[in-house]
Amino acid sequence: VLPLSRCTDPSLVGGKAAGLARLLEAGLPVPDGCCLTTGAYQESLKAIGFVPGERWRRAATRNGEARRRELAECRKIIRQMELGRFMAAIAEQLNRIGRGAERHWALRSSATNEDTAHASAAGLYRTVLAVDWTSLAGGVTDVWASVWDERVMDQMLRSGRIGEPPAMAVVLQP
């Protein structure tokens with residue numbers, strides 16, 4: 001979990017977080033926040049034995065209802081993941097920003113294929129608004145699960161970048 005100001009590596013924090021860090025560095029008014037990195041996403045998947053590349057390629061080889069079922073199963077698995085080991089670090093960062101558990105948060109996608117020089121993903125991934133502390137873990141996994149939406153796969157198939165799914169970081173802002 002990194003403060004937004006330290007989100008300089010797009011492979012670790014995704015395009016949106018890296019862009020927000022550049023805006024902060026330039027002195028522009030950006031709400032303070034933090035980022036749960038792609039490392040947290042990948043560690044969480046590994047902990048449950050979920051191999052993203054295999055699942056992604058399997059879904060990509062299917063069509064119609066078979067693909068929808070495969071992607072829905074992936075989303076269901078991801079939404080059930082536990083974030084226990086990251087919650088203390090998230091709490092620390094949210095408290096740094098102010099009133100951590102008492103505030104509502106926006107959870108914003110920051111995928112590795114989002115907001116780059118060659119691609120935009122505006123509206124493709126999930127944003128969850130007005131999330132309180134008790135719903136935070138579910139909001140994060142909801143954003144993570146949005147990688148496994150049929151619209152994402154369709155866009156990547158059309159662009160010819162189907163080998164691996166993007167990794168997802170989550171920006172948390174008041």
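Student: Let's begin with a cysteine. Where does Cys7 lie?

Tutor: Cys7 lies in the loop between β1 and α1. Those labels come from DSSP runs, numbered from the N terminus: helices are H or I with at least four residues, and strands are E with at least two. Before we go on, this is a predicted model, in which local features need pLDDT of at least 70 and side-chain atom pairs count only at pLDDT 80 or more, while totals for chains, interfaces and linings use all residues. Residues are numbered from 1 along each chain as its sequence is written, and side-chain values use heavy atoms, with hydrogens and water left out.

Student: Is Cys7 buried or exposed?

Tutor: The general idea is a set of cut-offs: buried means under 20% relative accessible area, exposed over 50%, and partly exposed in between, with a 1.4 Å probe and protein chains only. Cys7 counts as buried because its relative accessibility is 0%.

Student: Which residues is Cys7 in contact with, leaving aside its neighbours within four places in sequence?

Tutor: Contact means heavy atoms within 4.5 Å. On that basis Cys7 is in contact with Leu2, Val13, Ala17, Ala18, Ala21 and Cys35.

Student: Now for the helix that follows. How many residues does α1 have, and how far apart are its end C-alpha atoms?

Tutor: The expected span of a helix is 1.5 Å times one less than its number of residues. Helix α1 (residues 10–25) has 16 residues, and a straight helix would reach 22 Å, but the end C-alpha atoms of α1 are only 15 Å apart.

Student: Where does α1 bend?

Tutor: A bend at a residue is the angle between axes fitted to the seven residues ending there and the seven starting there. In α1 the bend is about 75 degrees, at Lys16. Lys16 is also among the buried residues of α1, which include Gly14, Gly15 and Ala17. What covers the buried residues of α1 includes β1 (2–3), β2 (34–36), β3 (105–111) and β5 (168–173). After α1 comes Gly27, with a positive phi near 85 degrees.

Student: What does the side chain of Ser110 reach?

Tutor: Ser110 sits in strand β3, and its side chain reaches the backbone nitrogen of Lys16 at 3.2 Å. Ser110 counts as buried because its relative accessibility is 0%. Leaving aside neighbours within four places in sequence, its contacts include Gly14, Gly15, Lys16 and Met168.

Student: On to charged pairs. How many salt bridges does the count come to?

Tutor: A salt bridge is a side-chain nitrogen of Lys or Arg within 4 Å of a carboxyl oxygen of Asp or Glu. The count comes to 12 salt bridges. One of them joins the side chains of Arg57 and Glu164, at 2.8 Å from N to O. Arg57 lies in helix α3 (residues 52–60) and Glu164 in the loop between α7 (150–159) and β5, so the pair ties together parts that are 107 residues apart in sequence.

Student: And which helix holds both Arg68 and Glu65?

Tutor: An α-helix has 3.6 residues a turn, so residues three or four places apart point the same way. The side chains of Arg68 and Glu65 meet in a salt bridge at 3.2 Å, N to O. These two are separated by about one helical turn because they are 3 residues apart in helix α4 (residues 64–79). Arg68 counts as partly exposed at 39% relative accessibility, and Glu65 is partly exposed at 43%.

How values were computed
Polar contact = N/O pair within 3.5 Å; in protein donor to acceptor, adjacent residues only side chain to side chain.
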